[in-house]
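Trainee: Please put the sequence and the model on the screen. I would like to work through the packing one question at a time.

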Amino acid sequence: MGSTPSSMGPPPSSTGPPGSGFGQPPNNMGPPSSMGQPPFGPPSNMGQPQHRMGPPQGNMGPPPTSMGQAPNSMGSPPGQTQPNSMGMTQPPNMGHQSVGPPGSQTMGMPPQQPGFYQQTPGPGGFPPPPGHGPPPTSMGGMGTRPAPQPQQPRKLDPDQMPSPIQVIEEDRRNREELFVTNARGAVPPLVSTDFSVQDQGNCNPRFMRSTMYNIPCTSDIIKNSHIPFSLTITPFAKLKPQEPAPPLVDFGELGPVRCKRCKAYINPHMQFIDGGRRFQCVYCGCATDVPNEYFAHLDHTGRRTDCYNRAELCLGSYEMTATKDYCKNGVEPKEPAFIFLIDVSYNSVKSGLVQLICERLKDDILVNLPKEEGVEESEIRVGFATYGKELHFYNVKGALAQPQMLVVSDLEDVFVPLLDGFLVKLSESAAVIDSLLAQIPQMFAESRETELVLGPVIQAGLDALKSAERSGKLFIFHTSLPIAEAPGKLKNRDDRKLLGTDKEKTLLSPQNNFYTKLGQECVAAGCCVELFLFPNSYLDIASIGEVCRLTGGNMYKYSYFQADIDGDRFLEDLSRQVKHSSAFDVILRVRTSTGIRPVDFYGNFYMANTTDVELAALDCDQAINVEIKHDDKLSETDGAYVQVAVLFTSVSGQRRLRIHNLSFNCCTQMADLFRSCELDTLVNYFSKQAIRNILNTNPKQVREHIMNEVSQILACYRKNCANPSSAGQLILPECMKLLPLYGNCVIKNDGIQGGSEISTDDRSYLTHLINSMSVESSSVFFYPRLLPLHTLDPDTKEFPSAIRCSTERLQDDGVYLLENGLSMFMWIGHNVSSKWVSSVFGVNSAAQIDIDKGQLLALDNPVSHRVMEIISEIRNERHRYLKLTIVRQRDKLESWFNHFLVEDKGLNGSASYVDFLCHIHKEIRNILS
Ligand SMILES: [Zn+2]
């Protein structure tokens, strides 16, 4: 909508026809609540997607009659009798999925569908056959039957363990539609479901997701449940094309309307009283006078007559222009600037990087400089510098015939020697910039410099932005460890042997505080550092990455970079990063209802106090987690509210606020809590907590903490919400039946567990990425998407159905695509049909495929077209350009590919899904006994 003057005009005489305002609900849906209370029935019915309540269906597992049959035909899985990383010598054997007892309703729960496993100890450590009565067929459920030959170790059939594919597919079937945000406490569809959102008072879940939507009124319930109340906030998330961006509201001189006590911003949940003269704050309860300019009468239901014409009164998300009070030193900001700092050392030149950047920067990258919608030209200023052991700044003032170079060789106290002509508008200096970019590769073609600086590069960029009084970004293209004599010099301290040991945290922490302090200076000045790294050896990402972590910057890593092979990927990443830059000099604050408060924050940012999250820049895929705890009670009637306010400078240099509001139900029953949890968000939180614990504890404690939380949550459910049943049964809450699987995926992830096959820098790099992942990114990162390609129907536009990440699911004659948002693999079975190979690769057999190329040729046939389309669609969905690695079955690379088959036992000794589930089951029994 851009700026919406029409919304600011005088209110129409009536509330306006449906559809004329913002997200006005259809007539039959009732208005969005401005009362802080849901007009839609009792809280206990809310947020409970119906499909979760039904009996098992589809591919949720074999039909009842097939359950428990012929268990002895399942064989023993490889490794199952060997000790694994969890110290288990014999995973308990498990029985068969059965259905939750219908009696669960007597506990105040709606019928749901717990996964339900059974196990009892037997002779020799093996459980005896499960034997129970007939299944509770009234639930359409599954039962177990006696099995012969109890002594024989049996494998748990993976088909009987909760399947992520089934959960994803079912959500897709049932919720791939419009998600209207008018209901308090509504649990959104899964991130993997292609839904669109109509904002009717609560923000789009792409902006904010919660681990729970029905919050216990008291802290004891939440403590007992072990489920953390955490939000994953992605304030600038990309929306679907059909979803309008949060509109911009301008209150003029008046400035944003706020509660006089807690300073919360006006929103659809605030309640107007006294005939519209005051509004009562939904967060703190205080009543604030409505400024005269903002007054409107109330209708007979107590709503303001203009509420559908004002974004801030009917939408969950909107922006407001900020007045000078919201600007640093009371001065309105200038347009942001991007400074490109190019390493011109020997490695950088030799790999083709310098040439590539200079050739493509202006026409392929700078054309994407971000701008306000509907505006012709970007207001972002640009500047250029190169460096090795010295720094070179360039004057590219439009009036010059040729660019001028200024060398800074005193690096101890670096400053930028020019103010005028360094930061320019692209259109005003196009010819000089062309000339500069043509000259740089020639100037440094013979560079023999192998020792680099980095600290002074960042300091100079910071100084340039500060001098120009602009916020902005430094795009640094850097190749090696900064060992040259200068501030920020680092020594090579890599010692991979330490990874996985108690000492790994020293290696994963910065070696000194230089880059940490520098990062703090940068964030204070609104200077964001985007690091593009091209290492051939150890770079000490744990140290230099601090500047990214504290400023909200991103890191990209292209090991052993070669321009001809990796160039496109790098340019695509750079282009997206430049284009999607959306907010600068950011302060984020979370406000909550009285009774709860934010207590902890996770992500890549800086905090100088306990409430304000500071970032020099924030873009569409960076998330911030906030953990919320009780300091008092909540009430079921009132519900609970969260408001995220993001103060930022826009790409055109306007100071603005972006507000996201979300309302929750409150409950007094544990069962209600368990029905409103969002597992992907919970897993996202656990992963970030693990990243923090890596630096504070040791790998064993990180693992054990997650295992313990998983066990405690499930034991709590079992104890409080499930029907009494034999202790041997594993009963999982419907919305968390994948918790054991996903918990294990976090534990065994390269970023969390590491291991000797991961380099120190890769480990630090991954922890940096995980630390700011949105739920959308983390869900596919921890459990990759695996798509069969050999069965593609070239005539349909549908994606093939994903399969579970296990070698057992791969067929020798199949071809599969695996992606996790960072990497993409194509696995080719050794018996694949030569027809398929020739359609896609243009050669006769898999052996002839040139796997080093990592690129597919577009061949003129339907299969090739469709494969190319799928790869390109996946690449467009993700925030980073996915490199394609082709892996032939039985090739050396296969073990690396197998690494991503997360249901299997890992290379690093990590547990398989089966083993882990058995282990968790044992833990739950220990807790309960
Ligand atoms: Zn208030």
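**Helix packing**

Trainee: Is the crossing of helix 16 and helix 23 left-handed or right-handed?

Mentor: Helices here are DSSP runs (H or I, at least four residues), as are strands (E, at least two), numbered from the N terminus. A crossing is left-handed if the near helix is turned anticlockwise from the far one by less than a right angle, and right-handed if clockwise. By that rule the crossing of helix 16 and helix 23 is right-handed.

Trainee: What should I know about the model and its numbering?

Mentor: This is a predicted model in which local features need pLDDT of at least 70 and side-chain atom pairs count only at pLDDT 80 or more, while totals for chains, interfaces and linings use all residues. Residues are numbered from 1 along each chain as its sequence is written.

Trainee: How is helix 16 oriented to helix 23?

Mentor: Their axes (lines fitted to C-alpha atoms over the stretch in contact, with angles from 0 to 180 degrees between N-to-C directions) come within 9 Å and cross at roughly 60°. Angles under 35 degrees count as roughly parallel, over 145 as roughly antiparallel, 65 to 115 as roughly perpendicular and the rest as oblique. Helix 16 is therefore, relative to helix 23, oblique.

Trainee: How do the residues of the contact of helix 16 with helix 23 divide?

Mentor: Contact requires C-beta atoms, placed from the backbone, within 7 Å. Helix 16 contributes Met707, Val710, Ser711, Gln712, Leu714, Ala715, Arg718 and Lys719, and helix 23 contributes Ile920, Glu923, Ile924, Ile927 and Leu928. With Ala, Val, Leu, Ile, Met, Phe, Trp, Tyr, Cys and Pro as nonpolar, Asp, Glu, Lys and Arg as charged, and the others, Gly among them, as polar, the division is eight nonpolar, two polar and three charged.

Trainee: And how is helix 8 oriented to helix 10?

Mentor: Helix 8 (455–467) packs against helix 10 (514–524) with axes 11 Å apart, at an angle of about 10°. From helix 8, Gly455, Ile458, Gln459 and Leu462 meet Phe514, Leu518, Glu521 and Cys522 of helix 10, a set of five nonpolar, two polar and one charged. Helix 8 is therefore, relative to helix 10, roughly parallel.

**Burial**

Trainee: How many residues of helix 17 are buried?

Mentor: A residue is buried if 20 or more other C-beta atoms lie within 10 Å of its own. Helix 17 covers residues 739–748, and among its buried residues are Tyr742, Asn744 and Lys748. The cover includes helix 2 (164–175), helix 15, helix 16, helix 19 and helix 23. Across the chain of 929 residues 52% count as buried, while for helix 17 the count is ten of ten.

Key
Buried ≥ 20, exposed ≤ 12 C-beta atoms within 10 Å, placed from the backbone. Contact = placed C-beta atoms within 7 Å.
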